[in-house]
Structures are given as C-alpha cells and as structure tokens.
Amino acid sequence: MSQGIQVVGLYVRDQDEALQFYVGKLGFRVHTDVRNGDYRWLTVQHPDQPDFQLGIFTPQSPVLDAATAQTVREIVAKGAMPPLVLVVDNCRATYDRLRASGVEFTQEPMERFGSVDAGFRDPAGNGWKMIEARRSAA
Amino acid sequence: MGTGQDPELLRRLLRAKDRMDAASHQNWPVPRLARVSGVSEAHFARSFKDAFGVPPHRYLLTRRIERAKALLRDTELSITEIAFETGWSSLGTFGRTFHDVTGTSPGDLRAREKATAYQLERVPTCFVRAAHRPDLTIAVSEKRRRETGVRRDESRKEAEVP
C-alpha cells in the first residue's frame, strides 16, 4: 500500500500507562517511540495491521496551550472522544483473556445483529467496542 | 471550556456512568453510584451533573427510555415485558414517563417504527443506540408542566428513577 491512512491518534492521560495497556494488555506492538525534549511521538500497531499506526499522545504544550490541554484531558476522562472499534475473531474468548489481565470492561459480550460485541475503556477513558468479525460466506 | 474538574475525578465519575449504561434496568441509588466513583455521597450528584450535564438519575432515565425504544423497535416483547425489562416497577409509570420524554406512547412508537425500514446493520449497535437516546435537558416533571401548561400539584412525585 502506498496511499492511505497511516496514523490516527488518541489522547491519553499518561503515555507510559497507555503503552502498558495497548502493548502489555491488548497485545499491540510499538511502532515508533521517539522523544524530543518533553514531547514523545509514540505509535503502536495491531500485529495484523502493519500499514496502520495508532498514535498515543498526551495533550501538552507546545502543541496545545495549557488551558486547552486541560480541557482535552477533561474530555478524554469523560469518555467523550470518538468511537473506536476493534475487530476480533472471537469476542467472548478475547473478553475472557483481556478481563483476566485487568482490562476495564464496560459491557459484557452481547449477541446482536448476528454478531457479538463487548465494550472496554483504556485507562485514560477512551472507549472501545470489540466486535466479532462476521463469518461471511462472501 | 472545561468544567474545571479534576480529570482523575472525571474518570471515576465516568465509571459510574458506564455502570448505569451496562445495567440501566437496575436501581442506582446515589450511595451505590458514589461508591463506584469513590466520591462522597454528598458530592456525587453535583459532580456528576457538572461533568455530564444532567443529574445521574435523569441520565439513567434517558438510558431506560432509549433501551425501551430499541426493544419496541427490534423485538416482539409486549409493552409490559419491556417496562419491567427496562427497570420500571409499574407499567403506568413507564407509559407516562415514556410519553413525557418522547411525546408518543410506547404502542404508537412501535407501530411507527415497524413501518420504517432501517439500514442500520452496518453501524455498530451501540452507536445507533446513542443516536436514538432522548435528549432530556430538563426534568421530566418540568417538561410535562411546559407541555400541558397546567401547574401540577407540587406534591406529585418526580417521575425520575429511584
């Protein structure tokens, strides 16, 4: 792939905590982890998606002014950031595994519309839906 | 602008909101919610309202109505079954509150929704739900008062959720 979306970023309250969550618990891999002074460019990848990076950033100066950074921290903590969806082969099995590792689930696996989905949050408050891939004949 | 609340507190208040989302049919008295958030009972309701714009029990009510609407639309459960399934202890309270919030009765809503074809399979269900959530910015009793133009007996109990 030469064209397409390469990085989509999330705001988190703490990059070390987020790294422990996305890599240590969800099983993502670190793609880039580079510091420049107080700034840290950190991206992770799903092991099956080498073309896509999830950026993990903190709202901070100099990108944001102090008041805006504080507002963003509040928005993240209130769970008001946009939806995130993780597709898995087996929702219930993944739920059991992640829950045992301490992931904060907001919704147990539910079967609806021919699939199974569950919900969890990262430590910062970002909400994920975990949806079982439909077994399509197509 | 932010509300000036500590993000760590907001994260814990979000946990109470999540718990109501996950089990809106249950009773969520303030002490239970305060415990989930690690906030004192005295401060919980105010902190929640500052964070999410509505008092906790009104939030719960919107979730119950939203869920009732989904069940009316997507299942063949009777209205009585839906009332109890979504946490109401009386069919009368359910019907009245449903009407106050949505402007229609459960039966009429069902009839209308069944007549409309939906193409929502491609949108994750939870996001569809959120889009159908009633936007309840005022108390149900106040909404009722404004719509009827009649000043009700003040002793009448607020129809918010216990």
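Predicted model: local features only at pLDDT ≥ 70, side-chain atom pairs only at ≥ 80, totals over all residues.

Q: In what order do the four strands of the open sheet lie, and what is the sense of their pairing?
A: Strands of a sheet pair through backbone hydrogen bonds, either parallel or antiparallel. Here the order in chain A is β5-β8-β7-β6, and the pairing is mixed.

Q: Which strands stand at the edges?
A: In chain A the edge strands are β5 (84–88) and β6 (104–112). Each has a single partner strand, so one side of each is left without a neighbour in the sheet. From one strand to the next, the twist averages 20 degrees.

Q: How many bridges join β5(A) to β8 of chain A, and do they run parallel or antiparallel?
A: There are five bridges between β5(A) and β8 (residues 127–132) of chain A, and the two strands run parallel.

Q: Turning to β3 of chain A, how many of its residues are buried?
A: In a regular strand the side chains alternate between the two faces of the sheet. Strand β3 (residues 39–45) of chain A is mostly covered, with five of its seven residues buried.

Q: Which strands pair with β3(A)?
A: Strand β2 (residues 29–36) of chain A is joined to β3(A) by seven bridges, and the two run antiparallel. Within that pair, A:Thr32 stands opposite A:Thr43. Strand β4 (residues 53–57) of chain A also pairs with β3(A) in the antiparallel sense, over two bridges. There A:Val44 has A:Leu54 as its bridge partner.

Q: How many residues lie between the strands in the hairpin of β2(A) and β3(A), and which residue takes a positive phi?
A: Two residues lie between the strands, and A:Gly37 takes a positive phi near 65 degrees.

Q: How many residues are in contact between chain A and chain B, and what area do the chains bury?
A: The contact involves 22 residues of chain A and 22 residues of chain B. About 1800 Å² is buried between the two chains, 56% of it on carbon and sulfur atoms. On the side of chain A, A:Glu74, A:Lys78 and A:Phe113 lose the most area, together 31% of what that side buries.

Q: How many salt bridges and polar pairs are there between the chains?
A: The count is four salt bridges. One pairs the side chains of B:Arg11 and A:Glu104, at 2.9 Å from N to O. Eight residue pairs are in polar contact between chain A and chain B, both residues at pLDDT 80 or more. The elements giving two or more residues to the chain A side are α2 (66–77), β6 and β8 of chain A. Of these, α2(A) gives the most, with five residues.

Q: Where does A:Pro59 lie, and why does A:Pro59 count as buried?
A: A:Pro59 is in the loop between β4 and α2 of chain A. Its relative accessibility is 3%, which is why A:Pro59 counts as buried; the cut-off is under 20%. Beyond its neighbours within four places in sequence, A:Pro59 is in contact with A:Tyr11, A:Val12, A:Leu64, A:Ala69, A:Val72 and A:Arg73.

Definitions and conventions:
Residues numbered from 1 in each chain as written. Chains lettered and ligands numbered in written order. Heavy atoms only, no water. Pairing = 2+ DSSP bridges. Axes fitted to C-alpha atoms, helices over the stretch in contact; angles between N-to-C directions. Buried < 20%, exposed > 50% of the residue type's maximum accessible area, 1.4 Å probe, protein only. Contact = heavy atoms within 4.5 Å. Buried area = accessible area lost by both parts, 1.4 Å probe. Polar contact = N/O pair within 3.5 Å; in protein donor to acceptor, adjacent residues only side chain to side chain.
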